[in-house]
Amino acid sequence: VSSACRKSPLFVRTAYGRYAIAKEYLNGSNTQGAVSTSPLRDAIYRVLQDAGGSLHYHEIQAKIQAKKLFVFRRKDGTVHTDPKVMQKRV
């Protein structure tokens with residue numbers, strides 16, 4: 001989750017480990033019409049939109065898991081159910 005937030009122009013870091021939806025890309029274009037390339041980024045965007053502000057990446061991950069917006073999978077395709085294992089993998 002943290003890596004997806006850092007790499008995406010859709011999100012801005014507000015404090016250490018806290019992210020919010022960016023109002024504009026770094027190049028100045030509007031993010032409202034931006035297309036996300038990842039289901040994880042879509043889930044992060046939905047959670048931040050519902051929160052209406054910034055959240056710590058642990059809170060973002062917990063809300064994604066609670067709402068079952070995204071399935072955390074290993075590279076071999078198996079699904080984790082243990083939150084600690086999922087957190088280490090993300």
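Let's start with Tyr19, which touches Ser2, Cys5, Arg6, Val12, Arg13, Thr14, Leu48, Gly53, Ser54, Leu55, Tyr57 and Ile60, leaving aside residues up to four places away in sequence. Contact here means heavy atoms within 4.5 Å. A word on the source: this is a predicted model, where local features need pLDDT of at least 70 and side-chain atom pairs count only at pLDDT 80 or more, while totals for chains, interfaces and linings use all residues. Residues are numbered from 1 along each chain as its sequence is written, and side-chain values use heavy atoms, with hydrogens and water left out.

Tyr19 sits in strand β2 (residues 18-21). Is Tyr19 buried or exposed? Its relative accessibility is 4%, so Tyr19 counts as buried. The cut-offs are under 20% relative accessible area for buried, over 50% for exposed and partly exposed in between (1.4 Å probe, protein chains only).

Zooming out, the protein has four helices and three strands, and from the N terminus on they run α-β-β-α-β-α-α. Helices (H or I, at least four residues) and strands (E, at least two) are DSSP runs, numbered from the N terminus. Buried residues make up 30% of the 90 residues. Of the contacts with a separation of 6 or more, 46% are between residues 24 or more positions apart.

Now for the core. In the largest nonpolar core, which has 15 residues, Cys5, Phe11, Ile44, Ile60 and Ile64 touch the most other members. At least two residues of this core come from each of α1 (2-7), α2 (39-51) and α3 (57-67), and α2 gives the most, with six. A nonpolar core is a set of buried Ala, Val, Leu, Ile, Met, Phe, Trp, Tyr and Cys residues joined through side-chain atoms within 4.5 Å. As for Ile60, its partners are Val1, Cys5, Tyr19, Ile44, Val47, Leu48 and Leu55, again not counting residues up to four places away in sequence.

How do the two helices α2 and α3 pack? They meet at an angle of about 100 degrees, with their axes 10 Å apart. The axes are lines fitted to C-alpha atoms, for helices over the stretch in contact, and angles run from 0 to 180 degrees between N-to-C directions. α2 and α3 are therefore roughly perpendicular to each other, a label that covers 65 to 115 degrees. On the α2 side, the contact is made by Leu40, Ala43, Ile44, Val47, Leu48 and Asp50, and on the α3 side by Ile60, Lys63, Ile64 and Lys67. By class, that contact has seven nonpolar, no polar and three charged residues.

Helix α2 also holds Pro39 and Asp42. Pro39 is exposed, with a relative accessible area of 56%, whereas Asp42 is partly exposed at 32%.

| Pair | Separation along the chain | C-alpha to C-alpha |
|---|---|---|
| Tyr19 and Gly53 | 34 residues | 8.4 Å |
| Pro39 and Leu69 | 30 residues | 8.6 Å |
| Asp42 and Leu10 | 32 residues | 9.8 Å |

Key: Angles under 35 degrees count as roughly parallel, over 145 as roughly antiparallel, 65 to 115 as roughly perpendicular and the rest as oblique. Ala, Val, Leu, Ile, Met, Phe, Trp, Tyr, Cys and Pro count as nonpolar, Asp, Glu, Lys and Arg as charged, and the others, Gly among them, as polar.
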